[in-house]
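Please open the model in your viewer and keep the selection panel at hand. The tour below goes from one selection to the next and says what is found at each stop.

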Amino acid sequence: MPPDNLLLRVFVDPRLVGGLGVEDWESLLAQARTANLTARLSYRIEDAGAFAALPARVRTQFAAARVAAESDRRALEWEVNRLHRVLTQAGYPMLLLKGAAYAMAGLPMARGRTSADTDIMVPGDRLDRVEKHLLAHGWELDELEPYDAHYYRRWSHELPPLRHRDRGSTLDVHHTILPPRSRLRPDPSAFWRAAVPLRDGSLALCPTHMALHVAVHLFQDGEIAGALGDLIDFDELCRHLGRQPGFWEQLVPAAVGLGLVRPLYYALRYASMLLGTPVPEAVMADAARAGQPPAPVRAAMDPMVGSALVPDLPEFSSPWRRVACLCLYIRSHWLRMPPLPLALHLMRKAWLRYFAAPS
Amino acid sequence: VKIGDLTSDQLHKQFDGAGLRIRIGPFIFNLSTQIRDFIAEFSFLYADFPICDASEISDFRVRVASARRWRPWHEVRAEFWADGASPFETFPRRLATPFVEWGFNWCTYHYAHQFLMFHSAVVEKAGRAAILAGPPGSGKSTLCAALLARGWRLLSDEFALVDPVHGWVLPIPRPLALKGVSIGLAERFLPHLQMGRVFADTRKGMLAHLRPPTEAVERQSEPARPGWVVFPTHTEDAATKLVPLRKPVGFLRLEENCFNYRTLGRAAFDALSQLIDTAACYELPFAQAVAAAELVDGLAEIPLVAGLPLDAA
């Protein structure tokens, strides 16, 4: 049973905004801001033909959010341009991920999407050289606690965030899509083999891998809490790419081949349940057959995911929600690290949190 | 209905329930809180501001609440929420008023990209706005108070909100934030205006808020044309004088004081160009705010020459 949440309902059926009262509007706008989805919401409403009837003050807020999102996109495209100059021209292959790929591929979902950083993938065997090369060309490593730096190097699938000295932009350099010691370890060479060229000469994941990456990011690597934007990415990718021939047919087999069918199952299940993503029945059935978790896990995940995904407004805070978020947080680490290091890591985090807690 | 028209019981009931929707310049803030001292301080400073009727959708949903206390022997703290975001750590509850003022600033520069926003005080005379731009500590609030004493209308103490399409400067006449010695100066310049509580130990030192003039609040929906851009810098030993700036210099100096120049991109360049075309730019080093205000006042005495872009607009 999907949670009764106004933002979700409007994403499923944007024409609902025609009947909203003042307090509904305020709740909707507050949730959209919390989840960084105001501009995307505005495009959904516009695409449904419901924009002209909006109250003037709402239109103004949407316009302001679009200005900010367009600015993010401009910055992202410029960042990709600069990375080409530094990496591609020096002969390092570069695969764009997430927002950078959506923008450079010109996908409709890039409209209104905000992003704080640029994500790229480079081949694992060149990672050290790419890092040195970037450090020699204006990027810097943020000061990290020694423990955090160690954590990144040992347990993560990306370098610690790099910041550009002049532009202040953040760059995440991945060498695969999941931590190297996590439960699932897809072979990154498959991504490079299937990668598709973009108009600017960089590479992006092929459509099925692009959708799988979002699913993995959300349900295998992430904490799920507050990540409604990622589920909307998955929904919009499926809606758009699903019109291309072969996308739906290849999705489950590709996930099976890479060992990513569990996160794909979750993404398909919750996107169709919460956002009404039109997933063909046969695809859902295949994904369930190959990747469905045991019934008790399903029974636990459904309410936890629904409750944790909705935006983190103070009025939605409840003991149940906090428990759900904590369980999903532990789950995300459980999937990422072996049990003993995980226990030590979480104890350390809890210790720091207790002593850094405000009085 | 104005905030000052409500009794303290009515205020508590409204702030505690769905929140009070207050029209502040072009924005509507929906503020809810249960903190009694804060309600008293806020409703004093904002007494003249109108309450919106229930059919208006707010721009910002702001909540100030006591924070949970982990160590009961510590001072009570509070937190500020705007639409699910909390821009600061918790703060001592007795400082709620300055933190809400900073929080309102945060809401504005974080979200209101329908405007080109400058860090600036703005005053108006005869329909033309003087934009007093500068970083904190440049003396813009003191100069602003001295100009109010000479009959200028307060448009804003913190933001120049410029409509990038039509070039108007929009008022947002919130209380003046005065620091240190400027508190006493403002009291001397404006004996008829009331000062809120003095906070001795904020992160910006001693701080007090001056209640905005009633007329400025009543006229908060009347925008102005940009007339002058002035960059005040206060130093004890400065020779007070107005130094005309070339337009390109004025452009670059004002851009430095812009909150969202990059965010607006091309629209920001066009709007700032138009503004600088219209307005004369000056640097104003000063030691005494009264003498500096006299010089700015003198600018408004110069009649407009027909044919300037101002008239064309």
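Start with the two helices of chain B whose crossing is right-handed, H1(B) and H2(B) (right-handed if the near helix is turned clockwise from the far one by less than a right angle, left-handed if anticlockwise). This is a predicted model, in which local features need pLDDT of at least 70 and side-chain atom pairs count only at pLDDT 80 or more, while totals for chains, interfaces and linings use all residues. Residues are numbered from 1 along each chain as its sequence is written, chains are lettered from A and ligands numbered from 1 in the order in which they are written, and side-chain values use heavy atoms, with hydrogens and water left out.

Select residues 8-16 of chain B for H1 and residues 36-45 for H2, whose axes come within 11 Å and cross at roughly 110°. That angle makes H1(B) roughly perpendicular to H2(B) (65 to 115 degrees). Here helices are DSSP runs of H or I with at least four residues, and strands are runs of E with at least two, numbered from the N terminus; axes are lines fitted to C-alpha atoms, for helices over the stretch in contact, with angles from 0 to 180 degrees between N-to-C directions. Show the side chains of Leu11(B), His12(B) and Phe15(B) on H1(B), and of Arg36(B), Ile39(B), Phe42(B) and Ser43(B) on H2(B), which make the contact (heavy atoms within 4.5 Å).

Next, select the interface, to which chain B gives 33 residues and chain A gives 25 residues. About 2400 Å² is buried between the two chains, with 51% of that area from carbon and sulfur atoms (accessible area, 1.4 Å probe, lost on putting two parts together and summed over both). On the chain B side, Ile57(B), Arg61(B) and Arg71(B) lose the most area to chain A, together 24% of what that side buries. Three salt bridges are found across this interface (a side-chain nitrogen of Lys or Arg within 4 Å of a carboxyl oxygen of Asp or Glu). For a salt bridge to display, take Arg21(B) and Glu26(A), with 2.8 Å from N to O.

In chain A, select H10 (228-241) and H12 (261-275), which pack at about 90° with axes 10 Å apart.

Finish with backbone torsions. Most residues other than glycine have a negative phi. Asn36(A), however, has a positive phi of about 60°, and sits in the loop between helix H2 (22-34) and helix H3 (38-47) of chain A. Ala126(B) has a positive phi near 50°, in the loop between strands S6 (116-125) and S7 (128-133) of chain B.

How values were computed: Angles under 35 degrees count as roughly parallel, over 145 as roughly antiparallel, 65 to 115 as roughly perpendicular and the rest as oblique.
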